[in-house]
Amino acid sequence: MIEVSEVSMPAEVICFVVPAGSDVAARCGLTEALRAIELADTRVWINLLAPTQADVQLIAKKLEFHELAVEDIFSVQSHSKVEPYPGHLFSVIPALNLTT
C-alpha cells in the first residue's frame with residue numbers, strides 16, 4: 001500500500017456515468033461508478049478532489065493503476081498529463097488553490 005501525506009482540504013469524489021446508447025451523464029456515487037465500469041459501452045468519469053487514501057486505493061485496485069500513477073495523484077509537483085491504460089485514461093489535472 002502506498003503511504004500518502006495528510007491533505008488539508010475535505011475529500012470530494014464526483015462521479016458520472018453515461019449508459020450505453022445515451023449521451024446524458026447521470027451523477028452517481030463512487031460505488032455505482034466502479035460497478036458501471038464493467039458494463040459494455042458505458043462511459044464513467046471519476047473526479048477526485050483531495051481524495052482519501054481509501055478512495056484512491058479502491059479505484060487503483062479496480063482499474064489496476066500502476067503504483068507510480070497513484071503517487072502522481074498525491075504529488076504537489078505532478079504536472080498535468082493524460083496516460084492511456086488498457087480500458088481507460090488516467091489524467092492528472094492539478095487544482096488551483098486560490099487561498100494562498
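## Helices, a sheet and a hairpin

Helix α2 is followed by E64, a residue with a positive phi near 55°. The model described here is predicted.

**Helix α2.** Start with the helix itself. Its buried residues are Q53, D55, V56, I59, A60 and L63. They sit on the same side of α2, because they cover an arc of only 160° around the axis. Look at the other side of α2: A54 and K61 are exposed there. What do the buried residues of α2 pack against? Their partners are β1 (12-18), α1 (30-36), β3, α3 and β5.

**Helix α3.** This helix spans residues 67-74. A69, V70, D72 and F74 are its buried residues. The cover over them includes α2 (53-63), β4 and β5.

**The open sheet.** Three strands form an open sheet, in the order β2-β1-β3. The pairing is antiparallel. Strands β2 (26-28) and β3 stand at the edges, each with a single partner strand, so one side of each has no neighbour in the sheet. From one strand to the next, the twist averages 25°. C15 stands opposite C28 in β2.

Strand β3 covers residues 43-49, and L49 is found in it. Is L49 buried, exposed or partly exposed? L49 is partly exposed, with a relative accessible area of 28%. The C-alpha atoms of L49 and A95 are separated by 7.9 Å. Along the chain, these two residues are 46 residues apart.

**The hairpin.** Strands β4 and β5 form a hairpin with two residues between the strands. G87 in this hairpin takes a positive phi near 90°. Across the pair, V82 has S91 in β5 as its bridge partner.

| Strand pair | Bridges | Direction |
|---|---|---|
| β1 and β2 | Three bridges | Antiparallel |
| β4 (residues 81-85) and β5 | Five bridges | Antiparallel |

Now turn to the faces of β5. In a regular strand the side chains alternate between the two faces of the sheet. Which residues of β5 lie on the covered face? They are H88, F90 and V92. L89 and S91 make up the uncovered face.

Note on methods. Residues numbered from 1 in each chain as written. Predicted model: local features only at pLDDT ≥ 70, side-chain atom pairs only at ≥ 80, totals over all residues. Heavy atoms only, no water. Buried < 20%, exposed > 50% of the residue type's maximum accessible area, 1.4 Å probe, protein only. Helix = DSSP H or I, 4+ residues; strand = E, 2+ residues; numbered from the N terminus. Pairing = 2+ DSSP bridges. Contact = heavy atoms within 4.5 Å. Arc of directions from axis to C-beta. Axes fitted to C-alpha atoms, helices over the stretch in contact; angles between N-to-C directions.
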